[in-house]
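Please examine the sequence and the three-dimensional model below before reading the account that follows.

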Amino acid sequence: MACTTAPLPQDVAAFLHLVKGVDMVIWCSQEFSANEHRIWATAPQTLHDHSFLVLTSDRAEVRHTLVNGLFRAVHRVDLRGASSAISTKNERLWQASGLADLQSALLQQVEQGIEADVDHAQAFLVQFEKTQAQEARRPVIAPRDNTHRIRRALQEADHLLAACGDDLNRRATRQVLTPPEILSCCADTARALQDMLAKDKTIRPEIRKLVAEGEKAIRSLVDSTATTATLDAITVLLQMRREIGTGADSAA
């Protein structure tokens, strides 16, 4: 989940560039002025739905019309009280400061984002399994001339990708898979696939290049905070498998 921490730009274009790719904003303000409203109102509705307005002044009186539909929730936080609660480790002050409620809301939002990410990834895996079953029913075409070696290498690569989907599906039936676990499996499979095809110079250069670029892309997703990282990684593997399957057919 990507968040942003930055001062408020006065230019709408600069603001939209700042929040591009961001999943949630914690908007801290003493009063949420009309100018702040003008800037924030230009953000995408999906960002409004997942963001929080934090008012840091007890005297702040924000008109309902200014915030209606623009934030997931509005929280009032006593910064001095929160600072005192942290320094003295006083639970009563912590609760009274408003930060406890804000923390709970943020954790709930993060957990919902992770659950949604995993649900989408598992939906991709189900589709992956269906595709695998359909391809398994395709008739086997006898190889011609000296192409059997190339076809066999590509079939082994295809089986490696299918094994990744099988492994994730088996594990998903026993436990809830986390995004890091899914990304790790995808990265290991992409790395093994690249190693396999890089050694075989009979494989078309464009396929080897596709796999190398795919492995690099998945590796970069492993440490990504983007909510779509697992979906992107699985999509890259599916693209690899489709191209490898096409290559195997053309070698027949």
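The model is predicted: local features need pLDDT of at least 70, side-chain atom pairs count only at pLDDT 80 or more, and totals for chains, interfaces and linings use all residues. Residues are numbered from 1 along each chain as its sequence is written, and side-chain values use heavy atoms, with hydrogens and water left out.

A nonpolar core is a set of buried Ala, Val, Leu, Ile, Met, Phe, Trp, Tyr and Cys residues joined through side-chain atoms within 4.5 Å. Buried means under 20% relative accessible area, exposed over 50%, and partly exposed in between (1.4 Å probe, protein chains only). The largest such core has 21 residues, of which Cys186, Leu197, Ile218 and Leu237 touch the most other members. Two or more residues come from each of α9 (179-198), α10 and α11 (229-250), and α9 gives the largest share, 8 residues. Another core, of 15 residues, lies apart from it and includes Phe15 and Ile39.

Helices are DSSP runs (H or I, at least four residues), numbered from the N terminus. In helix α5 (residues 79-88), the buried residues are Gly81, Ala82 and Ala85. Seen down the axis, these fall within an arc of 100°, so they line one face of the helix; the arc is that of the directions from the helix axis to the C-beta atoms. Leu79, Arg80 and Ser87 are exposed on the other side of α5. Lys89, with a positive phi near 55°, follows α5.

Glu206 is found in helix α10 (residues 205-222) and counts as partly exposed, at 46% relative accessibility.
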